[in-house]
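I opened the notebook to look up side-chain links in this model.

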Amino acid sequence: MPHHHQKFLLLFFFFLVATTSHAHNITKILAKHPELSTFNQYLSRTRLAADINRRLTITVLAVDNAGMSSLISKGYSLYTIRNILSLHVLVDYFGAKKLHQISKGSTLTSSVFQASGAAPGTSGFVNITDLKGGKVGFGVEDNDGHLTSHFVKSIKEIPYNISVIEISQVLSSAEAEAPTSGPSELNVTTILSKQGCKSFADLLIATGADATYQSNTESGLTVFCPTDGVVKGFMPKYKNLTTAKKVSLLLYHGIPVYQSIQMLKQNNGVVNTLATDRANKYDFTVQTDGEDLTLETTVVTSKVTGTLIDKEPLAIYKLNKVLLPKELYKPTEATSPKSSSDDSDDEEADAPEGDSDDQTADDNGAVGINGGRMAVVFLSLCVGFLLM
């Protein structure tokens, strides 16, 4: 093989390794520092940890337990605390070296609070200034840029993926500290009823399954609702189920984590549902087919046809078929979602079926990512090609 081809493939190989190994886990990084345990705990409670782990380039400004105690003592709601902590997550990379080499000595950088759209104007920008004597100051733009906190030390740096640094105290911002409504005001059945899924909402209320859905809104919830016409066509089969099986079927249409449509498309694989209970897996597979997003249960394939709401921590999507779990119905050859109408439910599956699938889902509700498997195969081929 020509030398320049080998060089190109070698460079491409290392590029693939770099792009497939960027994953970081902020919870594990901070777990090694007990003095930051409260900050770590609230990143998880506010779901900011998941947001941090999804991003390719990020800087986290951690605050010690004393600083967090001062924040918590003010009695803010969890959602207001999320906004405040969002100011401490910058959407750019700032390692210790870069902090001391800021062009012109000062810069404004966007935080996750700004990027979320919740920050009015430029109130979500953070001022970073390289001060005399080797110190670095931090301040929020809507606080007139006053530098209220300072660099303490570097915790962890993975250039140019994630930098975790400790600062002296919590950043102060009137906009972030403003009262924030929580998901308790996001009533799942009310949203369903107003946007074409009233029949499904009525079934949730009638069985009491709505309580499980509502209780999960705070920690994160994704709902897949069959539209009214679909539910109407499915009612003869639904009425044949026992009360317990009706509840399981309804809970099967929710997953206990927030998933935007982009997240669902990027992380294809098996997901747990609200009905999952130990041996009773009640899982299904999320699959991207071109621009379409389908849910495959081995009994039926249903297509996501629209979005009712996508506002973290709650996402609700419309389906063109009722999801039928293998625990309740016999697996059949699924029809192509492209050939089915929005209000059709043609799968014949009436008899109960035992739990025979040996594939399990992890705690985050996903097993395997197709892209990762493909990358491994492709890397293996590249290595083989280089050795030819």
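Entry: I started with Arg54, which is partly exposed at a relative accessible area of 38%. The model is predicted, so I kept to what its coordinates give. I looked for a charged partner and found Asp51, in a salt bridge with Arg54. The closest N and O atoms are 3.4 Å apart. Asp51 counts as buried, because its relative accessibility of 9% falls under the 20% cut-off. Both residues belong to helix α4, residues 48–54. They are three residues apart there, which means a separation of about one helical turn.

**Entry: a lysine and a loop glutamate.** Next I checked Lys265 and found a salt bridge with Glu291. The closest N and O atoms are 4.0 Å apart. This pair links distant parts of the chain, 26 residues apart. Lys265 is in helix α15, residues 261–266. Glu291 is in the loop between β11 (284–289) and β12 (292–296). I noted the exposure of each partner. Lys265 is partly exposed, with a relative accessible area of 31%. Glu291 is exposed, at 69%.

**Entry: the salt-bridge count.** How many salt bridges does the structure hold? I read off nine. One of them joins Glu35 and Lys153, with the closest N and O atoms 3.5 Å apart. Glu35 sits in the loop between α2 (26–31) and α3 (37–45), and Lys153 in strand β6 (residues 149–158), so the bridge ties together parts that are 118 residues apart in sequence. I get a relative accessible area of 29% for Glu35, which is partly exposed. Lys153 is partly exposed too, at 36%. I then looked for further partners. Glu166 joins Glu35 and Lys153 in a network of salt bridges.

**Entry: the disulfide.** I turned to the cysteines. The count comes to one disulfide. Which residues form the disulfide? I found Cys197 and Cys225, their sulfur atoms 2.4 Å apart. Cys197 lies in the loop between α10 (188–194) and α11 (198–207), and Cys225 in strand β8 (residues 221–226), so the pair ties together parts that are 28 residues apart in sequence. The torsion about the S-S bond is about 60°, so the disulfide is right-handed.

Are these cysteines buried or exposed? Cys197 is buried, with a relative accessible area of 0%. Cys225 also counts as buried, at 0% relative accessibility.

Notes
Residues numbered from 1 in each chain as written. Predicted model: local features only at pLDDT ≥ 70, side-chain atom pairs only at ≥ 80, totals over all residues. Heavy atoms only, no water. Disulfide = S-S within 2.5 Å. Helix = DSSP H or I, 4+ residues; strand = E, 2+ residues; numbered from the N terminus. Buried < 20%, exposed > 50% of the residue type's maximum accessible area, 1.4 Å probe, protein only. Salt bridge = Lys/Arg side-chain N within 4 Å of Asp/Glu carboxyl O.
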